[in-house]
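My entries follow the structure.

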Amino acid sequence: MNWIATGITDRGLRRPSNEDVFRVREDIGLFLVADGMGGHAAGDVASGIAAEVVERETSRALEAGAAPSAKLLAEAVEAAHRAIVDRSEAEPALSGMGTTLTAALVEADASLLHLAHVGDSRAYLLRDGELRRLTRDHTWVQQQVDTGRLSEAEARIHPGANVLLRALGGNVESVEVDTDQVPLSAGDLLLLCTDGLSGTVDDGDLLAILDRPLPLETIANQLVEAARLRGGPDNITAVLVRFAPSGQ
């Protein structure tokens, strides 16, 4: 199979700056989004470091002959965490900075997708009209949903919806990275996004936008517009990857 991809980021309507970052590396099959921790020191620095290090470490490993894997991607994310912590220790003004990160690495033949994830940015897969969430949010409200204390609907509007339990940086020594492997099929559409999109536009509305035979750039713009129409309370970032049979 082949793939095509696009990415978009928007400040939204309420934030003074954009602390989101994305990468689209079609040449090596690497795609990621990172969301600097709002309200914390230098979230834009943290997300920038995370994206830069994951891109660099993944590219180096692949160029050295390593096979794409979730382990390779997780090691790159762990390196990004260490780089953020080191920078914050070297510059007290940046102490406490952190970021989410969700990254995808595609096998050369597009048969398999490798995921690495920390925080509440998400990965979704659209297949045959069904949208499936591939990641689990590392948040307090998700923990409450998992234990039956909150419903999904209650979690979306809860005041603690943005309380992260896990992120890169944050002056902690190590980070636990969730990984997964997902078989791919022709026609699949992958969405990586920050919570400025997923926290504003529910899964049903995401499906309605994604499940259209439109150019990826058009769909990406429609996703941002949907979040802005719902108030655009946070930075909005999305990466889309469409998989097609070879030759198409």
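These are my notes, beginning with the ground rules.

**Ground rules.** I worked on a predicted model, where local features need pLDDT of at least 70, side-chain atom pairs count only at pLDDT 80 or more, and totals for chains, interfaces and linings use all residues. Residues are numbered from 1 along each chain as its sequence is written, and side-chain values use heavy atoms, without hydrogens and water.

I looked up the largest pocket and got a volume of about 430 Å³. Its lining has 23 residues, and Arg156, Ala161, Asn162, Ser198 and Gly199 are the closest to its centre. A pocket here is an open set of points on a 1 Å grid over the protein atoms alone where a 1.4 Å probe fits, with protein on both sides within 12 Å along at least five of seven lines; lining residues have an atom within 4 Å of a point. The volume is the space filled by probe spheres set on the points.

**Aspartate 188.** I found aspartate 188 in the loop between strand E10 (178-183) and strand E11 (189-193). Strands are DSSP runs of E, at least two residues, numbered from the N terminus. Aspartate 188 is buried, at 0% relative accessible area; buried means under 20%, exposed over 50%, partly exposed in between, with a 1.4 Å probe and protein chains only.

I also noted its contacts (heavy atoms within 4.5 Å). Leaving out residues up to four places away in sequence, aspartate 188 touches Leu125, Leu126, Arg127, Pro183, Val241, Arg242 and Phe243.

**Asparagine 221.** Asparagine 221 counts as partly exposed because its relative accessibility is 45%. Its C-alpha lies 32 Å from that of alanine 79, 142 residues away in sequence.

How values were computed:
Helix = DSSP H or I, 4+ residues; strand = E, 2+ residues; numbered from the N terminus.
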